[in-house]
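User: I want to learn how to read a predicted model. Please take me through a few features, one at a time.

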Amino acid sequence: MQEQTWDEFSRNWQVDVHQAFVWAQAALTAPLAPGSLVVAMSSGAALRGSVVSGGYAGAKATVRFVNAYAADESARLGLGLRFVTLFPQLTPATELGSAGVAAYAERDGLDVPAFVERIQPGVTPQLVGESVTDLVKSAEVGLTEYKIMGLGLEKIE
């Protein structure tokens, strides 16, 4: 925190929270059929914080809230929409994830391969895509939340 400006710290609020808000708002006002699936992508950082990420974890936690608020409004309005929030876990398989892995490895005094070994099996973009596809097949109405772990979806109760 002490090395960031407010603009750097709040960047994820301007992007991640904004897109979740616009997405949820559009889902509530568009003519979607009951049972339609609305997916919000959060992050595992939203569930436990992320000391090396600045405002990222807080922004991703707010994405979770926005989707929960939208699910509540859908229920209140009788829209019958399915809201799902996904929390992919840290992975070196993406540019953003690689930066996070490197930062956590350094903080823990490990080299990157040793840190990556600790978080195996890893999450891949393909696994995230397959997880979303699996959700399309589900019929659960309301709000559901899932971690995306290296072995697939794990429902958050």
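User: Start with Phe115. Is Phe115 buried or exposed, and how do I tell?

Analyst: This is a predicted model. Read the relative accessibility against the cut-off: buried means under 20%. Phe115 has 5%, so Phe115 counts as buried.

User: How do I read aromatic pairs, and how many does a search of the whole structure find?

Analyst: A pair of aromatic rings is described by the distance of the centres and the angle of the planes. Here the search of the whole structure finds three pairs. One of them joins Phe65 and Tyr69: the ring centres are 6.3 Å apart and the planes stand at 10°, so this pair is stacked.

User: Where do Phe65 and Tyr69 sit?

Analyst: Both belong to helix α3, residues 56–77. They are four residues apart there, so about one helical turn separates them. Phe65 is partly exposed at 45% relative accessibility. Tyr69 reaches 55% and counts as exposed.

User: What about the rings of Tyr104 and Phe115?

Analyst: That pair is stacked too, because the planes meet at 10°, with the centres 6.3 Å apart. Tyr104 lies in helix α4 (residues 95–107), whereas Phe115 lies in helix α5 (residues 112–118). The pair therefore ties together parts that are 11 residues apart in sequence.

User: How is β3 joined to β4?

Analyst: Strand β3 (residues 142–149) runs antiparallel to β4, and four bridges join the two. Lys147 stands opposite Glu154 in β4.

User: One last residue. Where is Val22 found, and how far is its C-alpha atom from that of Val66?

Analyst: Val22 is in helix α1, residues 6–29. With a relative accessible area of 38%, Val22 is partly exposed. Val22 and Val66 are 44 residues apart along the chain, and 9.8 Å separates their C-alpha atoms.

Technical notes. Residues numbered from 1 in each chain as written. Predicted model: local features only at pLDDT ≥ 70, side-chain atom pairs only at ≥ 80, totals over all residues. Heavy atoms only, no water. Phe/Tyr/Trp six-rings, centres within 6.5 Å; stacked < 30°, edge-to-face > 60°. Buried < 20%, exposed > 50% of the residue type's maximum accessible area, 1.4 Å probe, protein only. Pairing = 2+ DSSP bridges.
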